Amino acid sequence: MADHSEIPNFARGRNPDSDTVEVRMRLPKYVVNAYDAVSIARRQERSDLILESLTKDANQWMHEASLLANVARGNPLPADLERDANA
C-alpha cells in the first residue's frame with residue numbers, strides 16, 4: 001500500500017503560458033510493467049498511454065464534479081432544512 005503521509009507535490013508550471021507541466025513520481029514496478037506491456041502491444045509510446053489514462057480519469061472527475069454541482073445547487077444542506085423547520 002502507498003504511503004500517503006508525505007505532502008503531495010502539486011503541479012506548478014514554470015511557464016504560466018504553457019498548457020503542459022512535467023509530472024515526476026515513483027511507481028510500483030508492476031504498474032510500469034503493465035503500461036509497458038500494453039504500450040508494446042499497441043505500438044504506442046508509454047507516455048502517450050499514461051496520458052490517455054490520466055485524461056480519462058480527469059474527464060471522469062470533471063463530469064462527477066459537474067453532476068455534484070448541479071444536484072447540490074437545487075438541494076439545501078441538512079442544516080438549512082433544520083433551520084427552516086425550526087423557524
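Helix α1 has 14 residues, which at 1.5 Å a residue should span 20 Å, and its end C-alpha atoms lie 20 Å apart, in agreement (the expected span being 1.5 Å times one less than the number of residues; helices are DSSP runs of H or I with at least four residues, numbered from the N terminus). The model is predicted, and local features need pLDDT of at least 70. Residues are numbered from 1 along each chain as its sequence is written.

Just after α1, Arg43 takes a positive phi of about 55°. Helices α1 (residues 29-42) and α2 (residues 46-74) pack at about 110°, with axes 9 Å apart (axes are lines fitted to C-alpha atoms over the stretch in contact, and angles run from 0 to 180 degrees between N-to-C directions). The two helices are therefore roughly perpendicular (65 to 115 degrees). In α1 the contact (heavy atoms within 4.5 Å) involves Val32, Tyr35, Asp36, Val38, Ser39 and Arg42, and in α2 Arg46, Leu49, Ile50, Glu52 and Ser53. Five of these residues are nonpolar, two polar and four charged (Ala, Val, Leu, Ile, Met, Phe, Trp, Tyr, Cys and Pro count as nonpolar, Asp, Glu, Lys and Arg as charged, and the others as polar).

α2 also gives the most residues, eight, to the lining of the second largest pocket. Ten nonpolar, three polar and five charged residues form this lining (lining residues have an atom within 4 Å of a point of the pocket, on a 1 Å grid).

Technical notes. This is a predicted model: local features need pLDDT of at least 70, side-chain atom pairs count only at pLDDT 80 or more; totals for chains, interfaces and linings use all residues. Side-chain values use heavy atoms; hydrogens and water are left out. Angles under 35 degrees count as roughly parallel, over 145 as roughly antiparallel, 65 to 115 as roughly perpendicular and the rest as oblique.
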